[in-house]
Amino acid sequence: MSKLYLLVRRCLTVALVMAAFAGYAQQSVTGKVTAADDGSGIPGVNVLEKGTSNGTVTDSDGNFRINVGANATLVFSFVGYATQEVAVGSQSSVNVSLLSDVTALSEVVVVGYGTQDKKEITSSVTSIKSEDFNKGTVNDPVQLLQGKVAGLNITRPGGDPNAGFNIRLRGVGTIGANAEPLVVIDGVIGGSLSTVDPNDILSVDVLKDGSAAAIYGSRGGSGVILITTKSGKKGRVDVSYNGSVAVESIARTIDFMSADEYRQVQGAVNLGSSTNWLDVVTKKGSAMVHNLSLSGGSEKTTYRASFNVREASGIAINSGFTQLNGRLNLTQKALKDKATFTMNVSSTTKDAEYGFTESLRYAVIANPTMPVYDNTTTSPTAGGNFGGYAQRDIFDFFNPLAIAEQNQNDGKDTRLLTSLRGDYDFSDVINGLSAAVFYSQQRESDFRGYYYSKFSKFRGAGRNGLAGRRNDQRFNELFETTVNYNKNINNANLALLGGYSYQYFLNEGFGMEGGNFLTDAFGYNNMGAALDFANGLGNVFSYANSNKLVAFFGRANLNVSETYFASVSARYEGSSRFGKNNKWGLFPAASAGVTLSNLVDIPSVNSLKLRASYGVTGNQPGSSYESLSRIGRLGNFFYEGVYVPSYGPVSNANPDLKWETKSEIDFGVDFSMLNNKLTGTIDYYTRTTKDMILPVNVPVPPNLYGTTLVNIGELKNDGFELALNYNPMKAGLIKWTVGGNFSTYNTKVVSLTSGPLSFGSGGVLYRAGMGAPGQNDFRLIRVKEGQPLGEIWGPVQVGVNPDGTPKFKDINGDGGNYCDCDDDKTVLGNGLPNFTAGLNFTVSYKNFDLSTFFRGAFGHDLVNSYRGFYENRESTTVGNYNIVNTKYYDPNITKAVFNSSHVEKASFVKLDNMQIGYNVPLKGGSTFTNFRVYVAGQNLFVITGYTGIDPEVRYTDRIDGDGGGNPGAVDALSPGIERRSTYFTTRTFTFGVNIGF
């Protein structure tokens, strides 16, 4: 921490020195900016000395003061008003009256391979600017958008600072391929979000429907997120600093018994202590952020450089990270300004302690009368052989503090993204013709290292110490060339795009795991000291794979009289990952729109546009060579006292493996009303995903391997989206805006079969085991043809039998006892929401501003697995673990069996963030161009009936490991389950400053 402090202090010193020499003002000018319609002062108007970056903003009454050079011209600009320029001359006072201007409300939107005026867009695209991003401590770029875009769901259950986010656009569009949107960063397709610091993002544009995303072909099936980073502007050097510190505390866990409550339960095992295990394994979290940027330039050259430091410490012991990020964006004009060269370079290094969520899991269920430490070797909690930490000889339990303190789980990630673009204007040869060449490289390296102590009962003691380390590296390079032609024909404009794309990917890595160490001193840093490598128990692996994508693409946009709009596009793409008979695929799109308000005068309506679109996008397998027959390592077998590796088939050939395709139809309305104070967008979409890429069981022989990757099955989605914003644009002491979005979802499994092949058995499959203790064979999710995706499946509890076992509904009507068979089970709920919503409100008074954002998801259910295992008085529960004690606890139940009572309605509304800021008034001649302080809160409260840790939607599942085992693989077909390894939710309070020089 001290090194980071010194580094930040030195950066600030450099910034202040640069600011002190950044220009010399020669003339002081004061004045007032008012609204032409009512004469009231307008706060927040940008006042800029033309040709420089010397500027200020008006105060709460519309007054300003600025020092300018000789022969200066002032530029006054504000959203909703026409920009005005005034020559200063010898004046010391300049008063300006701004006129309302509808054209000032026009917006440029980033689309695939270019930009368009918002009024010309004929597909479903949402653009979010930096001023509308989420506030507070934001360490991941996707947090900026959470809840801001209709149809875009961004979730991260719990508050783990190292956990990633699940991103779903318009629900679940695929189950066998990549379900998250494609990310494009400054033109780099598949750019890593880790290369971008949130402070460096200018805008984010989301391509939601098939027609908008089809230009990206095989990777646009789940939507596209386009990120544009900030760049420099001509003028003097601008220096800005953004810094914040934050504290974090636990917001939600799950209710369980205290030591005194537990002792009152029949069968409780009193171990003589009173321990609050959550206090033992948690602490106050903290975070700090420092962002320093410099930008400026001349008529020919502009630049922006930034340096970012982030440090976070989670509420769980030994969880957190330190991240350093640097970025340089440079633009150079040449050849009489016909050529423009743009270079972007970014680098990120992240050192992380991942900790163990299992320490939180076992803290919830630990016997509250158990001591933390016990150095004996004979007591019921003897820890003498486990480093002095108290332990119990029972199944699936480990001292929570020992898990966190005895073991290591670390990582280091590095990212380097570079890109170079050259544009040339050929208008002197052919009017409207331009071309561009683009090249980028992205290098990613992930190191992971773990060590379980010789004295750690959790994973380590059984191997006399266990260590592992691995390094995974990913490289991709992208080369693209595009040609643009723009032609005005009478009252029409035709814009043509043609291009070629080549992208190469290389993934490689190596790793090892071994146990039986003489000492803990080495950790994971001396793998040769593991004696397992001598007896064959050690494991060493390496791998390398590559793939290529080649594409030809084109698009034509037509604008007739600023009223009629049309667009057609196509991408013809080939991938080395597919079977030899289906390497290439075509992804077409078409859309059209008409601005009715130009044809019909509608009272109170400023603009009304109808649009319709159709597009086809795709998906490809998640890894290479899966269409080929391959031989690989299967494991080890014991032979003559030594473990020997074995090899065999790991995949069958499928020369016909082809693209998964998604066709989508979208109907939309864009409108502006009440003198452009109310704006909105309405969309209805329906899409069908066919030829999903899924593994199916096949007979052996004739096949060499038991599963084959094939194209099979069909999903169907539809939904409605609404986005509204109201901005009175009234100048005065108080300004306010309100906006919101609303989205519905419906996902249906149409088919899981194709001829004799079936993903499942007879069009139905059961997934997601409940787990241990005692319920490994119980499946929680049913996936069935003709039914909605996300069905939670099980028996319905209707009471309690005399022996304390749950009494279940006789669903099959046979009049007998519950048979633990499918006939006596039914749908208990659905893990996917019916609709989501977001609401933001901003208000400013003089120099103060307040912003709030609420977010909610409605109609989804969650399996509360803590309750399913531990909310009962079964002897093994009471004897081994603490008892979960929610409002549903029934002391009459003495058997742990998953049923309908453990499936809860999880609809919620959260106050995601609130921020209060103050812009410090600055006098003329001040070193600062702006100085703002703020306080912010995140996850301030949640309204929900759910009793678990976090009511957030779970789009995927990963079953808990038991007995110290690792979690299972991610399952995209099993939404709606809260597992026991969920990190507790957190509440964050932030204090920050934004300073400009």
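The radius of gyration is taken over C-alpha atoms, and the globule rule against which it is set is 2.2 Å times the number of residues to the power 0.38. For a compact globule of 997 residues this value would be near 30 Å, and the protein chain, at 31 Å, agrees. The structure is a predicted model, in which local features need pLDDT of at least 70 and side-chain atom pairs count only at pLDDT 80 or more, whereas totals for chains, interfaces and linings use all residues. Residues are numbered from 1 along each chain as its sequence is written, and side-chain values use heavy atoms, with hydrogens and water left out.

Along the principal axes, the C-alpha atoms of the protein chain fill a box of roughly 95 × 60 × 60 Å. The chain contains nine helices and 55 strands, defined as DSSP runs numbered from the N terminus (helices, H or I, at least four residues; strands, E, at least two). Buried residues account for 52% of the 997 residues; buried denotes under 20% relative accessible area, exposed over 50%, and partly exposed in between (1.4 Å probe, protein chains only). The protein chain exposes about 41,300 Å², of which carbon and sulfur atoms supply 55%, as computed by the Shrake-Rupley method with a 1.4 Å probe. Of the contacts (heavy atoms within 4.5 Å) between residues at least 6 apart in sequence, 70% join residues at least 24 apart.

An open sheet is formed by four strands in the order S3-S2-S5-S6, with antiparallel pairing; two strands pair if DSSP finds at least two bridges between them. Strands S3 (55-57) and S6 (81-87) stand at the edges, each with a single partner strand, so one side of each is left without a neighbour in the sheet. From one strand to the next, the twist averages 15°, with axes fitted as lines to C-alpha atoms and angles running from 0 to 180 degrees between N-to-C directions. Within this sheet, S2 (residues 46-49) is joined to S5 (residues 73-78) by four bridges, and Asn46 stands opposite Ser77 in S5.

Further antiparallel pairing involves strand S22 (residues 408-425), which is joined to S21 (residues 339-353) by 15 bridges and to S23 (residues 433-452) by 18 bridges. Val345 stands opposite Thr418 in S22, while the bridge partner of Thr414 in S23 is Ser445.

Thr174 lies in the loop between strands S12 (166-169) and S13 (182-185). With a relative accessible area of 2%, Thr174 is buried. Beyond its neighbours within four places in sequence, Thr174 is in contact with Ala179, Ser222, Asn619, Glu660 and Leu715. The side chains of Thr174 and Glu660 are joined by a polar contact of 2.5 Å, a polar contact being a pair of N or O atoms within 3.5 Å; within protein, one must be able to donate a hydrogen and the other to accept it, and residues adjacent in sequence count only if both atoms are side-chain atoms.
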